[in-house]
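The entries below follow the order in which I went through them.

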Amino acid sequence: MSEFQRVHRLPTDALAPLLAASIEEDFHFIERLVREWEEAQQRFNRPGELLLAVYKEEDIIAIGGLTSDPYSGEPALGRLRHVYVRPDARRRGIGRRLVRILEQAAGQTYRALVLRTDSPTAARFYEMLGYTPLPPGSTATHRRELVVAKLPSADAV
């Protein structure tokens with residue numbers, strides 16, 4: 001069984017197999033996550049930010065983050081960051097659940113989420129989750145509007 005945990009300190013030992021798998025697949029954004037954490041550039045500790053790790057026993061088998069979108073200047077726009085599931089943990093719903101938990105957290109701060117991927121497989125995954133492809137040349141490749149629950153108006157009561 002997988003356990004989803006908020007990351008307050010990056011556990012490099014538990015992250016090592018995930019990092020190695022991502023490098024083997026020629027994805028370097030997990031390396032960037034580690035570097036930015038170690039250099040205190042990004043710790044996912046500001047309002048509206050979150051980094052989640054998915055554990056199977058002692059190892060991290062998936063990870064994903066949420067921040068404000070640093071490229072848009074739009075305060076209600078969040079960005080999914082560094083979402084990766086180890087190849088041996090794929091096709092089990094872990095990535096879907098991870099993204100849905102991040103979306104749920106995002107709904108408290110953001111009205112929409114964007115992300116960037118250069119992987120056709122990842123693009124299809126996000127599109128199956130309701131993300132819309134964006135025109136080329138942007139800092140994001142996909143966007144999803146979040147459903148914001150509205151309170152009933154005083155007239156409806």
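**Strand pairing**

I began with glutamine 5 and found that its bridge partner in S2 is alanine 53. I note for these entries that this is a predicted model, in which local features need pLDDT of at least 70 and side-chain atom pairs count only at pLDDT 80 or more, while totals for chains, interfaces and linings use all residues. Residues are numbered from 1 along each chain as its sequence is written, and side-chain values use heavy atoms, with hydrogens and water left out.

Strand S1 (residues 3–6) and S2 pair in the antiparallel sense over four bridges, where two strands count as paired if DSSP finds at least two bridges between them. S2 and S3 form a hairpin with two residues between them, and glutamate 57 in the turn has a positive phi of about 60°.

I then asked how many residues of strand S2 (residues 50–56) are buried. Six of the seven are, so S2 is largely enclosed by the rest of the structure; buried here means under 20% relative accessible area, exposed means over 50%, and partly exposed lies in between (1.4 Å probe, protein chains only).

**Overall fold**

I listed four helices and seven strands for the protein, with helices (H or I, at least four residues) and strands (E, at least two) taken as DSSP runs numbered from the N terminus. From the N terminus on, the elements run β-α-α-β-β-β-α-β-α-β-β. The radius of gyration is 16 Å, close to the 15 Å that the globule rule gives for 157 residues, so the protein is as compact as a globular protein of that length; the radius is taken over C-alpha atoms, and the rule is 2.2 Å times the number of residues to the power 0.38.

Along its principal axes the C-alpha trace spans about 55 × 35 × 35 Å, and buried residues make up 43% of the 157 residues. Among contacts (heavy atoms within 4.5 Å) between residues at least 6 apart in sequence, 64% join residues at least 24 apart.

**Ring pairs**

A search of the whole structure gave five aromatic pairs; rings of Phe, Tyr and Trp (its six-membered ring) pair if their centres lie within 6.5 Å, and planes under 30 degrees apart count as stacked, over 60 as edge-to-face and the rest as tilted. One of them joins phenylalanine 27 and phenylalanine 29 in a tilted arrangement, 5.9 Å centre to centre with 45° between the planes. The rings of phenylalanine 27 and tyrosine 84 have centres 6.2 Å apart and planes at 65°, so this pair is edge-to-face. The latter pair links distant parts of the chain, with phenylalanine 27 in the loop between helix H1 (12–24) and helix H2 (29–38) and tyrosine 84 in strand S4 (residues 77–85), 57 residues apart. Ring pairs thus link Phe27, Phe29 and Tyr84 into a cluster, and tyrosine 84 is buried, with a relative accessible area of 3%.

**Polar side chains**

Which residue does the side chain of arginine 144 join by a polar contact of 3.0 Å? The partner is the side chain of glutamate 103, a polar contact being a pair of N or O atoms within 3.5 Å, where within protein one must be able to donate a hydrogen and the other to accept it, and residues adjacent in sequence count only if both atoms are side-chain atoms.

I looked next at threonine 141, which lies in the loop between strand S6 (132–133) and strand S7 (142–145) and counts as buried at 17% relative accessibility. A polar atom of the side chain of threonine 141 lies 3.1 Å from the backbone nitrogen of threonine 117.
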